[in-house]
Amino acid sequence: MGSIIDSFMRQNNGQITVDDVKKLGLNPHLLIDLANRGQLERVDRGVYIDPAMFEDDLYILQYRFKRGIFFKDTALFLHHLIDRTPDHYQLNFPSRYHAPAIKQYPVKAYYQKPEWYSLGIEEVLTPGQHQVRVYNIERTLCDILRTRDASDSETIRQAMVRYVQLKQKDIGRLIQYADLFHVRAKINSYMEVLL
């Protein structure tokens, strides 16, 4: 492989995209040539990895659906508030966004008005050590309380217990979001028991 691509892949945990190659000032067809020679593996449209590495599904989804923000249980997982990897990833999009290709992936898509969609976005590392966009912890706790039924009570309880144990929590922001999303009473009931 070319030394520029090798160097980039070492810094990016064995993964490279067509966009990355363009930013490096190289011809994207170089990736196809390297894949044809077995030096790279194509894991999705425009996404290549070192054949010795495992693919990072979360990063690939973010690359394919750039407007998607990881949401609900997927956000809980990325923030280490639940243990299990979700069986379907959850992505939130702005209302009127249309991505027919999303049906090919294990994704549940949600759509929100722009002022809610853009609220509380931050970046975190996936287990594969790639940065992806996700809603912050406080927003995520409010999101899961807004749309849950009793069958999800264990997920909610585990997330709330772990949140209370965090050193980097922002109770003021949690209350602000709870008011905005109309879940203040639910948040208060958990906080009264756990704090």
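Q: Leaving aside its neighbours within four places in sequence, which residues is F70 in contact with?

A: Contact means heavy atoms within 4.5 Å. For F70, the partners include L58, L61, Y89, L91, V132 and V134. A caution first: this is a predicted model, where local features need pLDDT of at least 70, side-chain atom pairs count only at pLDDT 80 or more, and totals for chains, interfaces and linings use all residues. Residues are numbered from 1 along each chain as its sequence is written, and side-chain values use heavy atoms, leaving out hydrogens and water.

Q: Which residues touch the most other members of the largest nonpolar core?

A: A nonpolar core is a set of buried Ala, Val, Leu, Ile, Met, Phe, Trp, Tyr and Cys residues joined through side-chain atoms within 4.5 Å. Buried means under 20% relative accessible area, exposed over 50%, and partly exposed in between (1.4 Å probe, protein chains only). Here the largest core has 40 residues, and F70, L141, C142 and I187 touch the most other members. A second, separate core of 15 residues includes M9, V21, V43 and Y63.

Q: Is H79 buried or exposed?

A: H79 is buried, since its relative accessible area is 9%. Its contacts, beyond neighbours within four places in sequence, include E122, V134 and T140.

Q: In what order do the 3 strands of the open sheet come?

A: Strands of a sheet pair through backbone hydrogen bonds, either parallel or antiparallel. Strands are DSSP runs (E, at least two residues), numbered from the N terminus, and two pair if DSSP finds at least two bridges between them. In this sheet the order is β1-β3-β2, with antiparallel pairing. The edge strands, β1 (15–17) and β2 (41–44), each pair on one side only.

Key: Helices (H or I, at least four residues) and strands (E, at least two) are DSSP runs, numbered from the N terminus.
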